[in-house]
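Hi everyone, thanks for coming. Please bring up the model on your screens, and let's walk through it together.

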Amino acid sequence: MERGNQTEVGNFLLLGFAEDSDIRLLLYGLFLSVYLVTITGNLLIILTISSDSHLHTPMYFFLSNLSFADICFTSTTVPKMLVTIQTQSKMITFAGCLTQIFFFTAFGCLDNLLLTVIAYDRFVAICHPLHYMVIMNPRLCGLLVLGSWCISVMGSLLETLTILRLSFCTNMEIPHFFCDPSEVLRLSCSDTFINNIVMYFMTIVLGVFPLSGILFSYSQIFSSILRVSSARGLHKAFSTCGSHLSMVSLFYGTGLGVYLSSAAAPSSRRSLMASVMYSMVTPMLNPFIYSLRNRDMKGSLGRLLLRATSLNEGTIAKLS
């Protein structure tokens, strides 16, 4: 195989999904629908929270940031995949591939850190309710979100820059619908020891530590809940945490599925579908989980849609 440094590398080929035209059209319609639902649902969450003063609390502030991160996360890979399916042009430049890796990693890490921040918020709300507004003040909330952004960007930048030092073989085919970092490393003709060290370091710092924080927070939460004697208090505590636990389970469950399927059978169809669940289905379901399980969100969303409908009817009446 020929070798060349990053300035000589041509295009990567994203092999993606099936070649059959009927299946391709079906996949295009399915993925486009999922993407539109994801964008619409998360935008509605953001608009609902921003338009209702009753939702201007730390939990919903973090949720709106999570919805924005989900929009960006899925937009990193899905539009390119839709273009590839429609046009059958599988090429992506080296610069385009690096850009995709950077944003995919950054917003994936941001999702992870924001889920940890929300777990901490629930811990304070349930275990220290009398001091909640003092502890979760606007300054701390802003610092937690800003810190999550900075850590995610720095971690993603570190991983992306280490790829620049690699040499690659020609005719590079990525058996995926996006530039997955682990698949890109497999195509390298250089020693990837440093890259693997960086990847494992990021997994520990931005994956294992946040998950440990979430588990610790909920161990304290459940311990506190069990000391609540009121049935109403128990129901409120469980309903408050239920949505977030569902999101954590979905996020880490699909992420673990991607890791296990890749480790068991690299570049397999199972790994491809697990990545679809992780990068598309999870961001789509997040707004539904919160809006359907949260009475405040459902009420505010209903009022927002009612105002929008009334405004639309008024505009049509004036035009007619």
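Let's start with Thr77, which touches Gln100, Phe104, Phe177, Phe178 and Ser279, leaving out residues up to four places away in sequence; contact here means heavy atoms within 4.5 Å. Thr77 sits in helix H2; helices (H or I, at least four residues) and strands (E, at least two) are DSSP runs, numbered from the N terminus. With 0% relative accessibility, Thr77 counts as buried. Buried means under 20% relative accessible area, exposed over 50% and partly exposed in between, with a 1.4 Å probe and protein chains only.

A word on where this comes from: this is a predicted model, where local features need pLDDT of at least 70 and side-chain atom pairs count only at pLDDT 80 or more, while totals for chains, interfaces and linings use all residues. Residues are numbered from 1 along each chain as its sequence is written, and side-chain values use heavy atoms, with hydrogens and water left out.

Now the overall picture. The protein chain has 10 helices and 5 strands, and buried residues make up 47% of its 320 residues. Of the contacts with a separation of 6 or more, 79% are between residues 24 or more positions apart.

Phe12 gives us an example to look at. You'll find Phe12 in strand E2, residues 11-14, and it is buried, with a relative accessible area of 1%. Which residue lies 81 residues from Phe12 in sequence and 6.1 Å away in space, C-alpha to C-alpha? That is Thr93. Phe12 touches Thr93 too, along with others including Lys90, Cys97, Phe168 and Leu187.

On to the cores. A nonpolar core is a set of buried Ala, Val, Leu, Ile, Met, Phe, Trp, Tyr and Cys residues joined through side-chain atoms within 4.5 Å. The largest one here has 58 residues, and Phe17, Phe31 and Met81 touch the most other members. H1, H2, H3, H5, H7, H8 and H9 each supply at least two residues of this core, with the largest share, 13 residues, coming from H2. If you click on Phe31, you'll see it touching Phe17, Val78, Met81, Leu82, Ile85, Val276 and Met280, again not counting residues up to four places away in sequence. Apart from this core lies another, of 16 residues, among them Ile92, Ile101, Ile174 and Cys179.

Finally, helix packing. H2 and H5 pack at an angle of about 20°, with axes 10 Å apart; axes are lines fitted to C-alpha atoms, for helices over the stretch in contact, and angles run from 0 to 180 degrees between N-to-C directions. H2 and H5 are therefore roughly parallel, given that angles under 35 degrees count as roughly parallel, over 145 as roughly antiparallel, 65 to 115 as roughly perpendicular and the rest as oblique. On the H2 side, Pro58, Phe61, Phe62, Asn65 and Phe68 meet Cys141, Gly142, Leu144, Val145 and Trp149 in H5.

How do H5 and H7 pack, at what angle and with their axes how far apart? The angle is about 165° and the axes are 9 Å apart, so H5 and H7 are roughly antiparallel to each other. Here Ile151, Gly155, Ser156, Leu158, Glu159, Thr162 and Ile163 in H5 meet Asn195, Val198, Met199, Met202 and Leu206 in H7.
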